[in-house]
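Trainee: Could you take me through how to read some local backbone and surface features in a model like this one?

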Amino acid sequence: MKNIFIEYPKCSTCKKAKKWLEDNNVEFVDRNIVEERPNSQELTKWIKESNEDIKRWFNTSGLKYKELNLKEKLLIMDESEKIELLASDGMLVKRPLLVTDKGIFIGFKEDKWKEIL
């Protein structure tokens, strides 16, 4: 499987992560999270494979998250509703995302990426 790097090009952390991948000769397919957002099938699979709580997949510092008052709403939603919500708008998904055959990485943690890649 080819590595998939999902980013929002204006995000400074995404830029830093992309540069790190390029500097370390890690091959990847680049996806703009707004233009080619993850669908519900991908998210369901990746969330399961990540072994992370679904809450971790939300961009809690994003404007959209705050506008929709998701801090409160997520408490009463089931997992499938949360996945559908994430799939509906790429700006709700925490980024960058790196999907590899060695794991799913949410956000950029250089030491963790270095360890795995």
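Mentor: Asn-51 lies in the loop between α2 (40–50) and α3 (63–67), where helices (H or I, at least four residues) and strands (E, at least two) are DSSP runs numbered from the N terminus. The model is predicted, so local features need pLDDT of at least 70 and side-chain atom pairs count only at pLDDT 80 or more, while totals for chains, interfaces and linings use all residues. Residues are numbered from 1 along each chain as its sequence is written, and side-chain values use heavy atoms, with hydrogens and water left out.

Trainee: What is the phi of Asn-51, and is Asn-51 buried or exposed?

Mentor: Buried means under 20% relative accessible area, exposed over 50%, and partly exposed in between (1.4 Å probe, protein chains only). Asn-51 is exposed, with a relative accessible area of 72%, and its phi is positive, about 55°, although Asn-51 is not a glycine.

Trainee: Where does Asn-25 lie, and what is its phi?

Mentor: Asn-25 lies in the loop between α1 (12–23) and β2 (29–32); its phi is near 55°, a positive value in a residue other than glycine, and Asn-25 is exposed, with a relative accessible area of 68%.

Trainee: Which peptide bond is cis?

Mentor: The bond from Arg-95 to Pro-96 is cis, with omega near -5°, and Pro-96 is found in the loop between α5 and β3 (97–100).

Trainee: How exposed is Glu-79, and where is its place?

Mentor: Glu-79 is partly exposed, with a relative accessible area of 47%, and its place is in helix α5 (residues 79–88).
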